[in-house]
Amino acid sequence: MSGYDIGSLLDGTYKRTVKQAPDRDGPTGRVKIGTESEGDFKNITISNVVFDRSRGLALESVDGAHIEDVAISNITMRDVSNAPIFLRLGSRMRAPEGTPIGSIRRVTISNVVAYDADPRYGSIISGIPDHDVEDVKLNDIRILYRGGLNLEQVAKQPADLVNTFFFRASGGVPPREAFDTPEREKEYPEPPCSACCPPTDSLSATPRASS
């Protein structure tokens, strides 16, 4: 999986001139399940994948899908442009009226090494009130952030670090108290950067350099 400039993987030049995708969240390319689906994802294995200059793993159910019995193993990542691991259950519900909220359960992620991850994005496993992500097992995972971001910067939410793209529908990123993390359960389920939604101690990992 890679997020090199369009066409440069095919011609072997592996260009890195494009710094941001249209959503201003760094290069794309990832393994991703979900977002806009009320259909289910069940009995899935993902193994032996190299991520290079791309986003991380994303398992997302926000429109009623059930994500169940997923085994992910033997993953290496380098130059990760947002959350290395992102599991999100939400209730945007772009589905026929009466569709119940979906689920994420019985997921195993093992033998993952991520290096040079963007320090704004912690790995996140997040449900919503009364709907938890269930039965997730993490084993043998090592994530090294590139550093360069501290809690003081996160608390101040500086404009040059905040990605406003996914807040467009509600008029941009409003000022909020530091570490007051909104649920955003009906929004597009992209990992928020720490400066947009400073992490709590319950859902997202605080970005830090690791040695």
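Two strands count as paired if DSSP finds at least two bridges between them. Strands themselves are DSSP runs of E, at least two residues long, while helices are runs of H or I of at least four residues, and both are numbered from the N terminus. Keep that in mind as you click around.

Before you start: residues are numbered from 1 along each chain as its sequence is written. This is a predicted model, where local features need pLDDT of at least 70, side-chain atom pairs count only at pLDDT 80 or more, and totals for chains, interfaces and linings use all residues, with side-chain values taken from heavy atoms and hydrogens and water left out.

**Stop 1: the whole chain**

Show the cartoon first. Of the 211 residues, 46% are buried, where buried means under 20% relative accessible area, exposed over 50%, and partly exposed in between (1.4 Å probe, protein chains only). Taking contact as heavy atoms within 4.5 Å, residues 24 or more positions apart supply 81% of the chain's contacts with a separation of 6 or more.

**Stop 2**

**Stop 2: strand 6 and its partners**

Select 103–117. That is strand 6, which pairs with strand 8 in the parallel sense over 10 bridges. On its other pairing, 12 bridges join strand 6 to strand 4, also parallel. Which residue in strand 8 is the bridge partner of Val107? Pick Val136 and you have found that partner. Then try Ala114 in strand 6: Met77 stands opposite this residue, and in strand 8 the bridge partner of Ala114 is Ile143.

**Stop 3: Glu68**

Jump to strand 4 (residues 66–80) and select Glu68. Buried or exposed, at 9% relative accessibility? Glu68 counts as buried. Show what surrounds Glu68: leaving aside neighbours within four places in sequence, its contacts are Phe41, Lys42, Asn43, Ser103, Arg105 and Arg106. With Arg106 there is a side chain to side chain polar contact at 3.5 Å. A polar contact is a pair of N or O atoms within 3.5 Å; within protein, one must be able to donate a hydrogen and the other to accept it, and residues adjacent in sequence count only if both atoms are side-chain atoms. Draw a distance from the C-alpha of Glu68 to that of Ile104 and you get 5.9 Å, although these residues sit 36 apart along the chain.

**Stop 4: the tyrosines**

The structure holds one aromatic pair, and the ring centres of Tyr4 and Tyr14 are 5.3 Å apart with planes at 65°, so the pair is edge-to-face. The cut-offs: rings of Phe, Tyr and Trp (its six-membered ring) pair if their centres lie within 6.5 Å, with planes under 30 degrees apart counted as stacked, over 60 as edge-to-face and the rest as tilted. Both residues lie in the segment before strand 1 (31–35), 10 residues apart. Tyr4 is buried at 14% relative accessible area, whereas Tyr14 is partly exposed at 43%.
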